[in-house]
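Reader: Hello! I am new to this structure and would like to learn how to read it. Could we take it one feature at a time?

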Amino acid sequence: MTVPDRTVQLQQLRDSLRPGQRRLADWRGGPLAVSAVPGSGKSTGMAAGAAIAISHFQLHGRKQLVLVTFTRSAAANLKAKVRAHLKALKLPYNSFVVQTLHGLALNIATHNPEVSGINLETTTLVSPNQSNRLIRTAVEAWIHDVPDLYHRLIAGQSFDGEETERLRRQSVLRTEILPDLAYTAIHEAKSSGLHPDDLHHIGQQAPPNVYQLLDVAAGLYAHYQHLLSQRGLIDYDDMILAALKALADPDICCRWQSQFFAVFEDEAQDSSPLQTRLLEKLANSPLPHSSQEGEEIPLLSGRVGGGPNLVRVGDPNQAINSTFTPADPVFFNQFCDANRPERLATIDQAGRSTQAIMAAANYVLQWVNQQFPMADPPFREQAILPVPPDDPQPNANPDALGQGVELLKPADITVAVQKLAQRVKALMDDWRDEKENHPSEATQTPPSLAVLVRENRQGRFIRSMLEDADQLGFDFCETTGLKIYDVGSRDRNTQVPLEMLRLLQFIERPHSSDYLKGALRVLVDRQRIPTQDLNPLATNPEQFLYPGPLDPPLTTEAALNARRYCTSLLRARLDLPSYHLIPFLGTTLHYNQSELATADKLAARIAQQTADSSLSTMIGALQEIVSSERFDAIEAEDTEAQYTRSGQLTIITMHKAKGLDWDVVFLPFLHAKLIPGESWIPPQGEFLGSISIADVARAQIRAYVHGQPTIPDIPTAWHRANDLKQAEEFRLLYVAMTRAKRLLWMSAAKQAPFAWSNPDNLHEADPCPVLPALGKFMREQQAEPF
């Protein structure tokens, strides 16, 4: 291809982009922050910008552009888009690489094992189940080493020395509170490049507290690291640390910087400080001169050639992982602010949604920032704008279905699902009528539909109702012609081996407090017994399972029900051969068809792997399967089906829905208890006070990492932790709302369960506070009232 021909194609590629996307196409080196609203096509802009940069700087296999994403599926999608552009431009495919961030780090570390300390022949990535077991072992080792601090935690705020209460508190600390603290503090610290000694140092800067929380966290962290090293294991944070350790060597760093010309990062709002440090290190590459003559693409305003060749694209308003991962949108916001105005681009035109949905999302953003003032506002002020009429995207800002946004306040959650089902039926009837009466104008495929829930138990309730024609008033699938695709049910199949292991361990050793508690947790998760404090039941297994005449009786029906289930499991060991136990347990847990098939497959695999069928041999085989995490569930439905395909109603969590969209989105249970949520401490942990020590430790570590002048005391840190959670819940609602293209249906029933583990226990429930305000806004816009 001649230079003039390619120049024309490059200009056409740039012209196909929206104004905000063109800033990516116009990049000519140095840092660039790109803040993109939902549905604005940031991956499209990234792919086009990457192809144009490859052409402009004549990149090749020895001088590449690196595109970094956070998931393999996103990497595959981005890679396909860039390759399509390069094919049209007749440019080399080896001029770029697309990798996940951890894949990139592992690549650097393993190419320099003598410096990084990571060798794939002697090092293994720790699995989540292995990590959990190591954390439990680290807790026991810390208790042994520092009994004084442990007993201070047992004493809590008040303690009368009663032995039963002591045993209960020990159980809570060993199996719940300390593992939670260890997991949170270790990941928070490691992702920020902090070592155990650093946590000790931060603890010395913090106001004195009786529990010495950061000293406890530092001790747990040190033991965990020792256990990893002892077993030749690394975790994901170790990959980043090892890569940075390798790049600290000047020669190695120069070699990698010479290989990588620039870095384009997607989903930058989810980066941790350590990950950002790695990308900045790699992006400090010398800037070559373009030798392509005739290119008329304008240069980036204010180009001076300084700073790393780092382009970071993200949306801080879609940061929904900061309460359970070390990611925090504050870091991307800081990067945006540091590069404003010349090197900050905003992609604010979006063609995904109809006008009414964009207006509702914009209102929620503004209202939350006004009503919930925080040190770090929940949202970045950034409105979603429609695209112009001549936008290249087909069917951009589509016509609304109905009003575009509908708000309901049903009497209870059962009525909410009934109304949801009726609305789906009406939509499908309208589509069929349109197709029959106006075949040339109607779309040939029905609208895509999804129900987004805050937790999987809500999805389970919705599915059970939709499959119950008597409760619903009609046969949902037959009447609508839709299949129900419950993503949570599919995910639950992967838990079958772990649930079987926990129940069989209890059956083999029923007098173990840990194994009894593990079995009880499975029964609670599967809604066989009510949610309750399991620690009093597990503290003395023999007394719980087979009480004597002088033992105190159980006082609640929930506890009695738990005992009945546990004793029936133990009787099964006497009545059934060992190889029949797994199918029996699946039936006991009320597994559905897919889960029962998965349990049968699991039993068959164990039978093939073991020479005998003894219970201990079965448990050993199960432990190996769970540790390796190499067991594929069986699905009764099509495992390759996409979440967004037409012809089905997808039930999916709000978190998993990020990055997807549907014509119609239903948000059925929007209550204040979940969004924005409320500070709630499980009763079994209240002896430490009305706080979560894991959340307090996280807030104190983040205060240090964010460079705040002082480390907050426990009450202030707990308040900040709650602010962080509420801000994230509002962002999660915003993400859920912006998945809808043509109709957004939202409801909050007047009566809802206190906990979704028991959906029949209804009580008066307040709606998410943004809904009444949104209803008023919509009335002013002559929309559907709330």
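Author: Gladly. Let us begin with how helices cross: a crossing is right-handed if the near helix is turned clockwise from the far one by less than a right angle, and left-handed if anticlockwise. Keep in mind that this is a predicted model. Here, H9 passes H23 in a right-handed crossing.

Reader: At what angle do helix H9 and helix H23 pack?

Author: The angle is about 60°, and the axes of H9 (residues 163–190) and H23 (residues 513–525) are 12 Å apart. Angles of 65 to 115 degrees would count as roughly perpendicular and those under 35 as roughly parallel, so H9 is oblique to H23.

Reader: Which residues in H9 and H23 meet?

Author: From H9 come Ser 171, Arg 174, Thr 175 and Glu 176, and they meet Asp 514, Lys 517 and Arg 521 of H23. Sorted by kind, the residues of this contact are five charged, two polar and no nonpolar.

Reader: What covers the buried residues of H34?

Author: Helix H34 spans residues 770–780, and its buried residues are Val 770, Leu 771, Ala 773, Leu 774, Gly 775, Phe 777 and Met 778. Their cover includes helices H16 (355–371) and H33 (714–737), together with strands S9 (405–408) and S14 (740–747).

Reader: How many aromatic pairs does a search of the whole structure find?

Author: Two aromatic rings pair if their centres lie within 6.5 Å, and the search finds 14 aromatic pairs. One of them is formed by Tyr 485 and Tyr 643, with 5.9 Å from centre to centre and 40° between the planes, a tilted arrangement. Tyr 485 lies in strand S11 and Tyr 643 in the loop between helix H29 and strand S12, so the pair ties together parts that are 158 residues apart in sequence. Both Tyr 485 and Tyr 643 are buried.

Reader: Which residues do ring pairs link into a cluster?

Author: Look for Trp 27, Phe 57, Phe 261 and Phe 264, which ring pairs link into a cluster.

Note on methods
Residues are numbered from 1 along each chain as its sequence is written. This is a predicted model: local features need pLDDT of at least 70, side-chain atom pairs count only at pLDDT 80 or more; totals for chains, interfaces and linings use all residues. Side-chain values use heavy atoms; hydrogens and water are left out. Axes are lines fitted to C-alpha atoms, for helices over the stretch in contact, and angles run from 0 to 180 degrees between N-to-C directions. Helices (H or I, at least four residues) and strands (E, at least two) are DSSP runs, numbered from the N terminus. Angles under 35 degrees count as roughly parallel, over 145 as roughly antiparallel, 65 to 115 as roughly perpendicular and the rest as oblique. Contact means heavy atoms within 4.5 Å. Ala, Val, Leu, Ile, Met, Phe, Trp, Tyr, Cys and Pro count as nonpolar, Asp, Glu, Lys and Arg as charged, and the others, Gly among them, as polar. Rings of Phe, Tyr and Trp (its six-membered ring) pair if their centres lie within 6.5 Å; planes under 30 degrees apart count as stacked, over 60 as edge-to-face and the rest as tilted. Buried means under 20% relative accessible area, exposed over 50%, partly exposed in between (1.4 Å probe, protein chains only).
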